Amino acid sequence: MHHSRFSRGFGALLLLAVLAAAGSGIVMVLWNSVVTDVCSVAAVSFWQALGLLTLGLTLSGGLILTLAMLIHAFGHHHHDSRRAMFEKWHKMSDEQRREFLSSRGFSIDKKD
C-alpha cells in the first residue's frame, strides 16, 4: 500500500501525541500517588505532568532521541524500499520491463 508523505507525517504526529498523552497520564498518576505523600507537595494536573515529562526528557536528552527515532522509523525505511525498487528496475532488461508493465495492465506498444 502506498502512503503519501503527508499521511506518514500525520501518523508520526498522531503517534507522538498518543505517547505524550500516555506518558503524561503515567507521570500524573505516579506524582499524585507517590510524590505528594513522600514530599508533601501539591498534586499536578495533566498539563503540568506533560510539562514535567517534557522537562525530564529534555534534561536527559531523551526528547531529542525520541524525535530522532520517530523520524527514522517513519521515513527511512520507505526511502530504502524506493531505492531497492529503483535498482531492481534498472537491472531489468527491456523485455522484463515490458512483462512487468503488461502484467499490471499498462500498454507499452511503441508506435513509430
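Leaving aside neighbours within four places in sequence, Thr36 is in contact (heavy atoms within 4.5 Å) with Trp31, Val41, Ala42 and Ala43. Thr36 belongs to helix α1, which covers residues 5–39. Helices (H or I, at least four residues) and strands (E, at least two) are taken as DSSP runs and numbered from the N terminus. With a relative accessible area of 16%, Thr36 is buried; the term buried stands for under 20%, exposed for over 50%, and partly exposed for values in between, with a 1.4 Å probe and protein chains only.

The model is a predicted one, in which local features need pLDDT of at least 70 and side-chain atom pairs count only at pLDDT 80 or more, whereas totals for chains, interfaces and linings use all residues. Residues are numbered from 1 along each chain as its sequence is written, and side-chain values use heavy atoms, with hydrogens and water left out.

The protein contains four helices and zero strands, in the order α-α-α-α along the sequence. Of its 112 residues, 10% count as buried. The accessible surface of the protein, from the Shrake-Rupley method with a 1.4 Å probe, is about 9,000 Å², and carbon and sulfur atoms hold 68% of this area. Among contacts with a separation of 6 or more, 40% are between residues 24 or more positions apart.

Helix α1 also contains Leu13, which counts as exposed at 58% relative accessibility. The C-alpha atoms of Leu13 and Leu70 are 9.1 Å apart, although the two residues are separated by 57 residues in sequence.

Gly61 follows α2 and has a positive phi, near 85 degrees.

The largest pocket has a volume of about 250 Å³. A pocket is an open set of points on a 1 Å grid over the protein atoms alone, where a 1.4 Å probe fits, with protein on both sides within 12 Å along at least five of seven lines; lining residues have an atom within 4 Å of a point. The volume is the space filled by probe spheres set on the points, which are joined across faces, edges and corners. Helices α1, α2 and α3 (62–91) each supply at least two lining residues. The lining includes Leu16, Gly23, Leu53, Thr54 and Leu67. The lining comprises eight nonpolar residues, three polar and no charged.

Technical notes
Nonpolar A, V, L, I, M, F, W, Y, C, P; charged D, E, K, R; others polar.
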